[in-house]
Amino acid sequence: MTQKRKLIAGNWKMNGALQANDALVRAVVAGMQDAACEVAVCVPAPYLAQVQMLKSGSKLELGAQDVSQHASGAYTGEVSAPMLREFGVRYAIVGHSERRQYHGETDALVAEKARAALAHGITPIACVGETLAEREAGQTEEVVKRQLAAVIHVNGHCISEIVVAYEPVWAIGTGRTATPEQAQQVHALLRKQLAAATAQADRVRILHGGSMNAANAASLLAQPDIDGGLIGGASLKAPDFLQIIAAGSR
Ligand code: PGA
């Protein structure tokens, strides 16, 4: 049971346009002035500079959706942690299920990406989660533990610095959400796994994600081991995102 501030992080995925971003970020900044939780938006790389400017003077934090495991060099198309740092990036999502699924990211690669972020002062938001087939086969625990173990193995010495996000793949973008009880069960398991690696497991924020929205956020965020949310679709609509921020502030 922890008293840390919750983190509500928006994941825009591959959405946005200069004009729409302007309106969205301005509305979020205006609406979050009294927020008691931490708020971040993880935006596509080309918009980092724009959002850095739009958020300046506010408490909104900037995040990226991925980061290279390398610091520089001949890696066409990649974006490094030092580059992200130059734009004031505080968080980088690593191992999102869409990266694992469509870009073949392995547990080992995700762990390396977390290491690269940490090495350059960026907090990785390391995502874990089972597919529907895995859940139905009773493999949820085994899958999320394996995914987190890889990150702990490579980053053990500073594991209390990371953020974890549990996102059941079957709940992402589907409108189907884990029940608060289902979610809490896995979050507690992940907390226990962290506790075996660090005395500061209570400090680690474990976010929940997968169709979190204005209507279901409060009950999920009320669970003892849910320390915030990673919000996809609902983070693109300022009123919805602000309602989730309000739920995270209670
Ligand atoms: P969703 O996405 O909220 O649209 O389900 C969450 C995520 O993939 O981070």
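Which helices do the buried residues of H1 pack against? View A gives the answer. This is a predicted model, in which local features need pLDDT of at least 70, side-chain atom pairs count only at pLDDT 80 or more, and totals for chains, interfaces and linings use all residues. Residues are numbered from 1 along each chain as its sequence is written, and side-chain values use heavy atoms, with hydrogens and water left out.

**View A. Helix H1, residues 18–31.** Helices (H or I, at least four residues) and strands (E, at least two) are DSSP runs, numbered from the N terminus. H1 has 14 residues and reaches 20 Å from its first C-alpha to its last, close to the 20 Å expected at 1.5 Å a residue. That expected span is 1.5 Å times one less than the number of residues. Asn-21, Leu-24, Val-25, Val-28 and Val-29 are the buried residues of H1. They cover an arc of only 125° around the axis, which puts them on the same side of H1. The arc is that of the directions from the helix axis to the C-beta atoms. Gln-19, Arg-26 and Ala-30 are exposed on the other side. Buried means under 20% relative accessible area, exposed over 50%, and partly exposed in between (1.4 Å probe, protein chains only). The buried residues of H1 pack against helix H2 (48–54) and helix H10 (238–248).

**View B. Strand E5, residues 123–128.** 6 of the 6 residues of E5 are buried, so the strand is largely enclosed by the rest of the structure. Thr-123, Ile-125 and Cys-127 point one way from E5, while Pro-124, Ala-126 and Val-128 point the other way. Strand E4 (residues 89–94) runs parallel to E5, joined by 4 bridges. Ala-92 has Pro-124 as its bridge partner in E5. E5 also pairs with strand E6 (residues 163–166), again in the parallel sense, over 4 bridges. Two strands pair if DSSP finds at least two bridges between them. In E6, Tyr-166 stands opposite Val-128.

**View C. Leu-190 in the largest nonpolar core.** This core has 62 residues, and Val-164, Leu-190 and Leu-194 have the most contacts inside it. A nonpolar core is a set of buried Ala, Val, Leu, Ile, Met, Phe, Trp, Tyr and Cys residues joined through side-chain atoms within 4.5 Å. Leaving aside neighbours within four places in sequence, Leu-190 is in contact (heavy atoms within 4.5 Å) with Val-128, Val-144, Leu-148, Val-164, Tyr-166 and Ile-206.
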